[in-house]
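Please look over the chain and the fold before reading on.

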Amino acid sequence: MLGICRGRRKFLAASLALLFIPALTWLYLSAANFTVKPLPLSPLELQSSTLVGGAGERQALELRVREVEEENRALRRELSQPPRNPTHSNHHGNGNQSHPHSTEEGTGDSEAQKMFSTGNSSSCVQQPVVDKCETIHVAIVCAGYNASRDVVTLVKSVLFHRRNPLHFHFITDSIAQQILASLFHTWMVPAVRVDFYDADELKSEVSWIPNKHYSGIYGLMKLVLTKTLPSDLQKVIVLDTDITFATDIAELWAVFHKFKGQQVLGLVENQSDWYLGNLWKNHRPWPALGRGFNTGVILLLLDRLRKLRWEQMWRLTAERELMSMLSTSLADQDIFNAVIKQNPFLVHQLPCFWNVQLSDHTRSEKCYKDVSDLKVIHWNSPKKLRVKNKHVEFFRNLYLTFLEYDGNLLRRELFGCPSKTDHNSENLQKTLLELDEDDPCYEFRRERFTVHRTHLYFLHYEYEPSADQTDVTLVAQLSMDRKSVVQLDMANTKKALVVPAFETLRYRLSYPKSKAELLSQLDMGTLFTFRYHVWTKGHAPTNFAKWRTATTPYRVQWEADFEPYVMVRRDCPEYDRRFVGFGWNKVAHIMELDAQEYEFVVLPNAYMIHMPHAPSFDITKFRSNKQYRVCLKTLKEEFQQNMSRRYGFAALKYMTADNNS
């Protein structure tokens, strides 16, 4: 900051010099009755000048003027360079060197910023203190399938605003790790690193603490981050999964440089009256300093915490308080506050806009007067989006924006920050560059090689595995009879079990609970065989007339354009990725199954019903765009040629059947 003030004084002095020195020169020369000529630009010109009297004084003055001009040019060059940070002692690691920086420090000093923006030269505002390519570390405890969905929305809000490399440290159970590992592997976001830490290994560290909070045992694991995270990691931002960022996280990272003395925790004051103990009669919260602090957003100076023996500090405090409190009500937050109550010097209080808490009965509205004031939104209530708040509609829309945001749009390189080479991404880019962008079907061909961001979903269901190893995964509306799986020896034979498909034109339907009820609705015209009126060939080989009276599975033959819904073993051929959007994806897959000698067996007591919905974007393109249909026909022909090369004479029927259809 001092350096910048000095820079401004230099600039002012240089400006005055540029204004007054030529004027003084003119006065001096006029007073001496000299004839004023252009200043010589070289020693040769200086020597060749012929002046009327006082030649020595004139030469001295001209030399001095030229020296001042050279100094001014040097000063302008210096001022044109990016502002450099004043020298800091390296308290927090990561080397605070004089590099270009990415963002201003988020301290809430709005008055100083206003004075700076209006050109008040008496105010020198501290400049950014986060290096442009400095890695920001973020730790998140995430367990279970629901938490994994919430954390992705948080991550998208961080990625949307960020301008720095990020390193996420996830403390997860096995389910969340599988989901998130798959997500980030397929997401391939540049300058993002992800590490996982097994939450099950940490349970013994906190399981002795009774906790009434809905977060359960995982809500206590932020207490052991000093032991969990790498020993050489010096500082980290810790976030709850129900957080949404509305600004660059680098602004929060910059606040570490404001820590003084023994401050090791950055926290926002709790915005409810919980710790004041006046919410209801006999309300007895854990001890806290004033209103206490909320732990949804924490800045942790890990190296200092370790030196202060944080593990021993929080354990002793928890043991002492549990003798009278018996359990925690707000998980780790109660213990953090009890420690701070005894050691207030540990905390650096963050401005409240770094954790705008949207639980019921909070004072969060005092944290913001305008949208520009918002930094971090915290849905710290079991009600989440249904919480009562005067501005909840605005906050809900902000959250839903990131919930529905296309994560593929966040695959952008950071300008000026080279990221570690990803060979998969590198090979993908090389393949895409080999495609002809002038090809009318370029988008189709490109899509074949695109790696789609994959977010796995799990539905919670507790079951006991069957002894005969015939477990079946239910997909969408698919409902399977497990006796069929055993009888048809699915584990040892190539079979594709066909599920007869029907449809209704009614948006409300009493779903048939049996085959007899379905046949009754079929006869009354409530149901129809699937696509019988627009695409009969797609399901005709299922033989619905035979299915009406069938009591045992029966085999059907492949026919052109057959595209039934089937159940197959996990090791079956995958869909051909050239067929995206609308058209020929299922047809091509069924053709591949037939070429590999799968048997198509119709199940007699299974069925599915297609419900009406608005046309998809892709089917709209198929119907309205001639080029779309031309490209689909081209890809279809290429697929058939590939089939012919792979399967030889056996694939001839696919060519002839298509030509005859």
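## Basis of the model

This is a predicted model, in which local features need pLDDT of at least 70 and side-chain atom pairs count only at pLDDT 80 or more, while totals for chains, interfaces and linings use all residues. Residues are numbered from 1 along each chain as its sequence is written, and side-chain values use heavy atoms, with hydrogens and water left out.

## The whole chain

The protein has 22 helices and 17 strands. Helices (H or I, at least four residues) and strands (E, at least two) are DSSP runs, numbered from the N terminus.

Of its 661 residues, 45% count as buried. Buried means under 20% relative accessible area, exposed over 50%, and partly exposed in between, with a 1.4 Å probe and protein chains only. Contact means heavy atoms within 4.5 Å. Among contacts with a separation of 6 or more, 75% come from residues 24 or more positions apart.

## Helix 5 against helix 13

Helix 5 (residues 144-161) packs on helix 13 (residues 392-403) at an angle of about 90°. Their axes are 8 Å apart. Axes are lines fitted to C-alpha atoms, for helices over the stretch in contact, and angles run from 0 to 180 degrees between N-to-C directions. The two helices are therefore roughly perpendicular to each other. On this scale, angles under 35 degrees count as roughly parallel, over 145 as roughly antiparallel, 65 to 115 as roughly perpendicular and the rest as oblique.

Helix 5 brings Asp150, Thr153, Lys156, Ser157, Phe160 and His161 to the contact of these two helices. Helix 13 brings Tyr399, Phe402 and Leu403. These residues divide into four nonpolar, three polar and two charged. Here Ala, Val, Leu, Ile, Met, Phe, Trp, Tyr, Cys and Pro count as nonpolar, Asp, Glu, Lys and Arg as charged, and the others, Gly among them, as polar.

## Ser157 in helix 5

Ser157 sits in helix 5. At 0% relative accessibility, Ser157 counts as buried. Not counting residues up to four places away in sequence, Ser157 touches Thr244, Phe245 and Phe402.

Which backbone atom lies 3.0 Å from a polar atom of the Ser157 side chain? The backbone nitrogen of Phe245 does.

Four strands form an open sheet in the order 14-16-11-15, with mixed pairing. Two strands pair if DSSP finds at least two bridges between them. Strands 14 and 15 are the edge strands, each pairing on one side only. Neighbouring strands of this sheet are turned by 40° against each other on average, direction ignored.

Strand 11 (residues 495-499) and strand 16 (residues 599-602) run parallel, joined by four bridges. Val498 stands opposite Val602 in strand 16.

## The loop between strands 14 and 15

Pro564 lies in the loop between strand 14 and strand 15. Its relative accessible area is 3%, so Pro564 is buried. Leaving aside neighbours within four places in sequence, Pro564 is in contact with Val498, Gly538, His539, Lys586 and Ile590. Pro564 and Thr542 are 22 residues apart in sequence, yet 7.7 Å apart in space, C-alpha to C-alpha.

Asp561 lies in the loop between strand 14 (554-556) and strand 15 (565-567). At 7% relative accessibility, Asp561 counts as buried. Phi of Asp561 is near 70°, a positive value in a residue other than glycine.

An open sheet of three strands has the order 13-12-17, and its pairing is mixed. Strand 13 (528-529) and strand 17 (608-610) are the edges; each pairs on one side only. Strand 12 (residues 501-503) and strand 13 run antiparallel, joined by two bridges. In strand 13, Thr529 is the bridge partner of Phe502.

## Two further loop residues

Met188 is found in the loop between helix 6 (174-187) and strand 3 (192-198). Met188 is not a glycine, but has a positive phi of about 55°. With a relative accessible area of 16%, Met188 is buried.

Thr470 is in the loop between helix 15 (442-449) and helix 16 (482-487). Thr470 is buried, with a relative accessible area of 10%. The C-alpha atoms of Thr470 and Lys483 are separated by 8.9 Å, and the two residues are 13 residues apart along the chain.

Notes. Polar contact = N/O pair within 3.5 Å; in protein donor to acceptor, adjacent residues only side chain to side chain.
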